[in-house]
Amino acid sequence: MLTLYHWEPNANSGKPMLALAEKGVEYESRYLDLLNFDQHQPEYLRINPDGTIPALVHGDRVLTESTPMMEYIDEQFDGPALRPKDAASRWRMRWWMRFFDAYLAPSLSMIGWSVFVGPAVRQRDQKELAAAIERIPLPSRRVAWRKAVFNEFTADELEESRRRVMFGIDVLEAHLTAHPWIAGESYSLGDINGFNLGYALPLSQPQHCNDALTPRIMEWLRRIYERPAARQTWAKGRTQLASRIGMLERR
Amino acid sequence: MLELYHWEPNTYFLKPLIALEEKEVSFLSRWFDPTSFEQLEPGFPVDTESRLQLEREGPLLVHDGTRVSGSFFMLEYIAEAFPGTELYPGDAFRHYRARAWGQVLAAIGADVSILGCARHLRPLLEQQDRRRLQSQLGRIEPVERRAAWEALLDGRYDARALSAIAERLAFSLRRIEGTLTGSRWLAGPDYSVADIDAFALIAPLPALAPEVLNATATPRIVEFLARMRERPAVRRALAYTRSGRPQQAFVPGAEPSRWG
């Protein structure tokens with residue numbers, strides 16, 4: 001029995017969704033609405049006491065870290081290999097996944113939370129929101145939600161995030177000029193990771209990520225978008241967040 | 001040909017030394033002193049990934065021309081590329097657990113590095129001629145890597161900030177303590193890369209933050225550190241020290257979460 005608790009096919013939730021689709025593995029999908037704090041409700045905290053999503057439950061095994069979760073999916077299940085065979089390419093795949101997770105993602109999500117998540121939840125009753133934040137188990141996530149909900153990002157923090165996103169786009173464009181895929185010669189978990197983070201870059205950063213300035217990134221995103229597994233995964237989206245992927249359609 | 005560019009056997013630099021000694025692989029030790037900025041000198045191997053240095057300053061493994069940076073992924077590379085002692089034992093779920101610990105420990109490493117730099121590196125930098133130091137720091141690219149050095153001098157890490165970091169560490173250490181209460185090793189019943197990762201990053205804490213790592217608060221971690229020190233490979237790795245005080249050797253490490 002395999003169950004995936006996830007939000008939209010986007011960022012961390014989308015990583016195991018796309019990896020499972022690529023492997024052709026069936027799973028029970030449990031959608032949690034991140035903006036409704038479903039992930040902090042008692043029934044989910046029984047699965048993952050940290051209250052973070054996604055979580056993959058495979059028999060009596062519970063996995064809650066999305067990037068290592070993808071390696072588990074590749075190693076555990078039959079289907080096309082999603083990691084290169086040689087140690088050097090695997091190292092490159094993992095290094096770039098850390099670059100996405102630790103460098104680009106926090107900056108992109110800070111911008112995303114300030115313009116999307118924060119305003120979306122800020123409409124609600126303030127007392128109710130404060131209580132919902134207090135229920136968040138991990139102190140670091142509590143701080144993050146408080147900042148997003150109450151718009152506590154400083155101008156300097158947001159400016160630094162914008163600078164890092166621009167720098168990250170340049171670095172990624174250079175990498176994809178030297179290699180067709182993140183790990184080198186073959187499609188891998190590195191591409192799945194990067195796509196989940198970057199599929200909407202042409203929409204959110206149109207002045208920095210476009211056909212004229214970053215043709216390699218654009219081509220890479222479209223190649224992944226055209227994979228049946230990506231189509232299948234993004235069709236599971238319920239909000240405008242996931243539908244942004246349509247802009248990768250070739251015209 | 002296998003070369004390891006490293007400094008004193010502590011934190012990030014200690015990890016590949018232990019793994020290579022566990023594997024009993026012969027390698028060329030290329031010693032450099034990052035506090036003298038020897039990693040910026042011409043001739044030091046560099047590529048996109050090592051220049052970006054997500055861990056700010058760290059070791060570099062060069063294997064038949066392939067440059068491997070990032071200390072946890074270096075452990076995985078050594079585990080996969082060389083025969084010898086199995087450093088990634090068990091099934092897919094144990095491998096997952098080792099990698100998941102790698103993520104938790106990356107955050108711990110960031111905090112340990114700040115405590116260590118504030119205690120040991122900052123006084124060394126403050127003794128230097130400020131203009132000469134600024135000129136050396138000005139050569140560091142990208143800007144985040146330079147900023148990690150400059151942060152030691154701008155007063156950001158005052159007593160309050162360091163105390164908040166120690167508190168954050170206490171939270172993570174409780175998780176390690178909980179796991180070690182039911183198991184000798186972090187990722188399962190067998191020794192793995194996760195144990196090397198943990199030892200390298202938290203071994204300096206009994207001296208740096210005794211209030212969060214001690215025989216009363218974290219007895220299982222204290223036993224784990226002692227168990228690690230008994231391993232011949234760990235002893236050989238620690239013997240690479242030139243100062244005799246490897247656990248005081250700190251340079252800026254990975255960046256703590258920018259979300260606070």
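Predicted model: local features only at pLDDT ≥ 70, side-chain atom pairs only at ≥ 80, totals over all residues.

Reply: The axis of a helix is here a line fitted to its C-alpha atoms over the stretch in contact, and an angle between two axes runs from 0 to 180 degrees between their N-to-C directions.

Let us start with the overall division. The domain assignment of chain B gives two parts, domain 1 covering residues 2-81 and domain 2 covering residues 92-231. The C-alpha centres of these two domains of chain B are 18 Å apart, and their contact draws on 26 residues from domain 1 and 28 residues from domain 2.

Next comes a pair of helices. Two packed helices are described by the angle between their axes and the distance between the axes. In chain B, the axes of helix α4 (residues 92-127) and helix α8 (residues 193-202) come within 9 Å and cross at roughly 10 degrees. Angles under 35 degrees count as roughly parallel, and α4(B) and α8(B) are therefore roughly parallel to each other. Among the residues of α4(B) in this contact are B:Trp101, B:Leu105, B:Ile108 and B:Val112, while the side of α8(B) includes B:Val193, B:Asp197, B:Leu201 and B:Ile202. Sorted by class, the contact between α4(B) and α8(B) consists of 10 nonpolar, two polar and one charged residues.

Now turn to strand β3 (residues 60-63) of chain B. In a regular strand the side chains alternate between the two faces of the sheet. For β3(B), B:Leu60 and B:Val62 lie on one side and B:Leu61 and B:His63 on the other, and all four of these residues are buried, which leaves both faces of the strand covered.

The strands that pair with β3(B) can be followed in turn. Strands of a sheet pair through backbone hydrogen bonds, either parallel or antiparallel. Strand β1 (residues 2-6) of chain B pairs with β3(B) in the antiparallel sense over four bridges, and B:Glu3 stands opposite B:Val62 of β3(B). Strand β4 (residues 66-68) of chain B also runs antiparallel to β3(B), to which it is joined by three bridges, and here B:Leu61 stands opposite B:Val68 of β4(B). The hairpin made by β3(B) and β4(B) has two residues between the strands, and in this hairpin B:Asp64 takes a positive phi near 45 degrees.

Key: Residues numbered from 1 in each chain as written. Chains lettered and ligands numbered in written order. Heavy atoms only, no water. Parallel < 35°, antiparallel > 145°, perpendicular 65-115°, else oblique. Contact = heavy atoms within 4.5 Å. Nonpolar A, V, L, I, M, F, W, Y, C, P; charged D, E, K, R; others polar. Buried < 20%, exposed > 50% of the residue type's maximum accessible area, 1.4 Å probe, protein only. Pairing = 2+ DSSP bridges. Domains from an automatic or database assignment.
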